[in-house]
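Dear colleague,

I am passing on the structure below, together with some notes on what turned up when I went through it. Please read them alongside the coordinates.

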Amino acid sequence: MAFRAYPSPVGLGSVLKRKAERVSLGPGLGRPIYAAAVDRRKSKVWNYYTQLNESHVQCNVCKKQLSFHNSTTTMREHLVRRHSIRDNCPPPPNFPEQHQVKEELQEAEISGLHGDSMAKRVRTTETLAITAVGGPDHTSFPPPPPDSSRSASLVTELILEMIYRDLHPLSVVQEKGFKTLLSCMEPSFQIPSPSHLGSLLWHKYNVLKQHLELYFHHTTAPHSVVLCTEHWKVPDSDRFYLSVSTHFIDRNWRMAHCLLETKPVASHEGVLEETLLAILSSFRIPENSVFGVVHDSLTSMQTCARPLQELHRWRSLCCTGNALKLSVREGLTVEPVQQALVVARGIVSYFQHNTKAAEALNPKVEAANKTGFRLVLDEPHNWLTTIDMCENLLELKWVISSVLEEQATECSVTNLADHQWRLLQELVPVLKTVKIAVSFLSEWNNSSVSALMPCLHGVARLLGQQMAECSAQTVRSMIARIRAEMEKHWQVGEEEAMLGNPAVLASFLDPRFKELRFLSPDSRSKLHDKVKDLLSLQAYPMAGLCPCPVRLDELKGEPRGTLPSDSPLSCGSTEDNELILLPQVPEQLGQEEVADEEEEEDVAACPGSIKVVVGESGSAVASKERRTQSMYDILLGEDPTERMPEIHQQLENYIAEPLCKRSMCPLEWWRGKEHRFPVVAKLARQYLAIPATAISAEHAFASKQSAAIQRRATVSSEHLDQTLFLHHNCDFIEALKVNATCKDTFVSPELLYPSITSLDSNALLSE
């Protein structure tokens, strides 16, 4: 590699003859410089470097220091990679100014200039050199100026995304800290006004809503969507809101959750029917697509369950988080428990607000090696915080008692009595049993209602054991109240009533819990019969249709014809190419005529009979073996598989499948088994889409409100619906754009999922 040589300055004196002689530039320059052998070297790469000492050199272009081991290879590679200075490459623009850095340093060595004046001169020259070559990370040619309009639109888009992703009010752009940050990052950027951001927010909301409308319109199947309601209130105000979301399982067996609308309501509770119908209409979701509604409170469910069931046949369920909270709260209303908790809260508040008591407590906590525990005050309406308060009090029992005894004359609270300490000791295991259930239901693969009933029966069983082992009557009364509330909400222990609960049927369709160990064998058999009826109704929803051939592999869709459930020709394992011709059965056809037709040997000759088209070879074999088969039936009885419908045989095969691991997601199991049990999978898609909670499990069972829940109260009511819609749905819709295919959506992906960026750009240009 050859580098162009440049004339080196002359008249430097005899000092350059000494190799690596240290020259002190005085206190103004701050560090010594080694420039003894810079220009004496034969390699032309030294025109771009200054030697600092025997082992380090510094690039004159970017001021980066490199190691030097009597070889210029590293120095050459640095010039090529960082500055594009290659063979026979012309020097950078204004290189004499850059080269003047080395001249100034060498003159300083000769003349021995000291002080701040020389340091200022060198620093000024270095700045000019770096500016001349375009900075440390640029090549020898300056980059083109950036597109200011494109940069401004990008920054505006990112500000808008920050607002709806983090639930900031639009007025955040007027805050002093935000302006300072943006002026430092983009000095030339003009911050948009809140009104302009509001118009952009509306536009983006309309674009994404259109995508979601098209998705629901083209992909929603009957009885496949579950609606969830959440009533919430802005703290320290009289503003109430209702948020309606939807849960469903997409074609790839993934659980999807979309927030549809958030609107103000007059009070916390109200009639939901008209509101839900209006929201469904605005998103083009058919009414028959709704399978049920999960209410966030028991009061809302009791108010709306009957009209929704009678008018629309929508099942209503209560949020598990709210029902468990009511059950535990009922148990804590036992009078001795309430008294003990009031005293415990007084002790915690005393140590939190009394500085002298806290100073006396801390050394004792350290001496007892209990620094990992601290006193926390619970929230009366959140039983999970009550567990933490009681556990920490029990761990610090002796330390707290010691401090309260020392400050008995000054203390304004009394210590817990011995029987109250024992009550808290027995109270914690009971509450932790319910907390284990909460942890189980909070896991992502247990978000469906299918995991609810096995979990609740486990809680009821453990509470029964604790009640039998406990000697304190107060704790026994508390456990009895909790179990009574659970039976009230979920009919735990009443098997006949449980069979009508969608959660029980969802547990059967979950391959982890399909054994239904919490039911007796007789109840399991009844549930299996009920599932058979549902499968028959799902596969053959109508009777008396005109003849039409239907393939068995189309049963996971909506067949247009019907077969009697006891028809022998509707059963057996048929090949993929076999067709079933569904006849038009006259309504006046009596049972005697049907019996006479069944006695006929030539089925094809009977009017109104069912004809099976199986090809010439298949029909010949069937007619030849018909008489022999009837003789075997007289001897051995009828073959049960011959009269078992195909859908029932799928159900039996599903029951015979081994259980999958409890840690496995049931949707992943069904994704791989849907082709084996298509009709059962269709029913599973409906019931497994029911969530156990009306809101996300992590929020429903959280010990304190999340940051997102708190921040949504700061959004103005004018843009609340649009901000929450984008906050919850932007990632889902972006995933739809990526994964959209013609097969899944039945429309062109370009039509269904156009580029949001292009739509935004066109709208902004039109504005």
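In this model, which is a predicted one, Ser289 is in contact with Thr220, Ala221, Pro222, His223, Ser224 and Val225, once its neighbours within four places in sequence are left aside. Ser289 belongs to the loop that runs between helix H7 (273-282) and strand S7 (290-295), and with a relative accessible area of 1% it counts as buried, because that value is under 20%.

The crossing of H14 and H16 is right-handed. On the side of H14, the contact is made by Leu423, Glu426, Leu427 and Val430, while H16 contributes Thr474, Val475, Met478, Ile479 and Ile482. Sorted by class, the residues in this contact of H14 with H16 are seven nonpolar, one polar and one charged.

Finally, the cysteines: a search of the whole structure finds zero disulfides. Cys665, accordingly, is in no disulfide, and the nearest cysteine sulfur, which belongs to Cys660, is 9.2 Å away. Cys665 is buried, with a relative accessible area of 9%, and Cys455 is also buried, with a relative accessible area of 10%.

Conventions. Residues are numbered from 1 along each chain as its sequence is written. This is a predicted model: local features need pLDDT of at least 70, side-chain atom pairs count only at pLDDT 80 or more; totals for chains, interfaces and linings use all residues. Side-chain values use heavy atoms; hydrogens and water are left out. A crossing is left-handed if the near helix is turned anticlockwise from the far one by less than a right angle, and right-handed if clockwise. Helices (H or I, at least four residues) and strands (E, at least two) are DSSP runs, numbered from the N terminus. Contact means heavy atoms within 4.5 Å. Ala, Val, Leu, Ile, Met, Phe, Trp, Tyr, Cys and Pro count as nonpolar, Asp, Glu, Lys and Arg as charged, and the others, Gly among them, as polar. Buried means under 20% relative accessible area, exposed over 50%, partly exposed in between (1.4 Å probe, protein chains only). A disulfide is a pair of cysteine sulfur atoms within 2.5 Å.
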